[in-house]
Structures are given as structure tokens and as C-alpha cells.
Amino acid sequence: MLLPWEHPFFDFCPNLTIYGEADSIAEFYAKKNNIPFKPLSEFPGESALKIGDPTGDGTITSQDAVFVLRSAAGLETLDDDLRTACDVNGDGSVNSADAVSILRYIAGLKDEGILIE
Ligand SMILES: [Ca+2]
């Protein structure tokens with residue numbers, strides 16, 4: 001009988017990379033089977049940045065609102081991930097309304113329709 005990580009589920013997938021959480025069963029399986037493993041944050045199209053946290057420190061603070069304002073003023077260069085993190089109201093532009101929504105969120109006043117989870 002094969003142990004779970006010994007099953008050759010992916011023998012016919014030569015270009016496979018497994019994405020998952022660090023120290024997960026997925027990582028264990030990948031390493032046992034010599035399959036490349038990468039953290040979920042590196043999954044194509046996935047951002048490590050949360051909406052409302054463009055500074056990426058894991059907490060939504062006034063520094064994020066400041067970053068949004070600096071972005072709106074053209075003082076920060078935004079890639080797609082940063083633009084998504086800054087555009088908390090999801091209207092497609094980064095402006096002072098997003099900064100205000102972040103500040104209101106911090107104050108416990110979650111604006112209707114904002115994308116901060
Ligand atoms: Ca916006």
C-alpha cells in the first residue's frame with residue numbers, strides 16, 4: 001500500500017508547479033515527489049497585498065491612506081497589485097475617496113461598497 005504522498009497523481013504533468021501555504025501538506029507532497037513548490041503569494045495573478053493595505057505590512061493604518069494620497073498625487077508608481085490594493089472602492093481609479101474610505105474603515109465606519117475585507 002502506498003502512503004498518501006507516494007501516489008503518482010501528477011506523473012503525467014511535466015510542467016507542474018504546486019502553489020500552497022508554507023509547511024502545508026501541499027508543500028510536503030511536492031517535496032516528496034520532486035515537484036516545484038511556490039508560496040501562494042507567487043501564484044500568477046495573486047497579490048500578497050490586501051485591498052486597503054498597499055504598504056503591505058498586514059495592517060490597515062493611516063499610512064495606507066497616506067500612500068493612496070501620494071499615489072493619487074503621482075508621487076508613487078503603481079503596478080497592478082498596488083493599484084488594486086489602493087482602489088478600495090473599486091471604481092477603477094485611485095484618488096482621495098479611497099484614502100477617506102481607508103480612514104473611515106480605521107475609525108470603524110466601513111463605507112458601503114468598499115472592498116476591504
Ligand atoms: Ca477608487
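A residue is called buried here if 20 or more other C-beta atoms lie within 10 Å of its own, exposed if 12 or fewer do, and partly exposed in between, with C-beta atoms placed from the backbone. The model is a predicted one, in which local features need pLDDT of at least 70 and side-chain atom pairs count only at pLDDT 80 or more, whereas totals for chains, interfaces and linings use all residues. Residues are numbered from 1 along each chain as its sequence is written. Helices (H or I, at least four residues) and strands (E, at least two) are DSSP runs numbered from the N terminus.

Just after H2, glycine 74 has a positive phi of about 80°.

Helix H4 can be described in the same terms. Asp98, Ala99, Ser101 and Ile102 are its buried residues. Viewed down the axis of H4, they fall within an arc of 160°, so they line one face of the helix. They pack against H2 and H3, with contact meaning that the C-beta atoms of two residues, placed from the backbone, lie within 7 Å. Just after H4, glycine 108 takes a positive phi of about 85°.

The two helices also meet directly. H2 (residues 62-72) and H4 (residues 96-106) pack at an angle of about 175°, with their axes 8 Å apart. H2 is therefore roughly antiparallel to H4. For such angles, axes are lines fitted to C-alpha atoms, for helices over the stretch in contact, and values run from 0 to 180 degrees between N-to-C directions; under 35 degrees counts as roughly parallel, over 145 as roughly antiparallel, 65 to 115 as roughly perpendicular and the rest as oblique. Ser62, Asp64, Ala65, Val68, Leu69 and Ala72 of H2 make the contact with Ser96, Asp98, Ala99, Ile102, Leu103 and Ile106 of H4.

The largest nonpolar core has 12 residues: Ile51, Ile60, Ala65, Phe67, Val68, Leu82, Ala85, Cys86, Val88, Val94, Ala99 and Ile102. H2, H3 and H4 each contribute at least two residues to this core. A nonpolar core is a set of buried Ala, Val, Leu, Ile, Met, Phe, Trp, Tyr and Cys residues joined through C-beta atoms within 7 Å.

Phenylalanine 37 is partly exposed, with 18 other C-beta atoms within 10 Å. Not counting residues up to four places away in sequence, it touches Ile18, Gly20, Glu27, Ala30 and Lys31. Phenylalanine 37 and glycine 52 are 15 residues apart in sequence and 29 Å apart in space, C-alpha to C-alpha.

Aspartate 23, in the loop between strand E1 (18-20) and helix H1 (25-32), has a positive phi near 60° without being a glycine. Aspartate 23 is exposed, with 8 C-beta neighbours inside 10 Å. Asparagine 34, in the loop between H1 and E2, is not a glycine either, yet has a positive phi of about 55°. Asparagine 34 is also exposed, with 7 other C-beta atoms within 10 Å.

Note on methods
The arc is that of the directions from the helix axis to the C-beta atoms.
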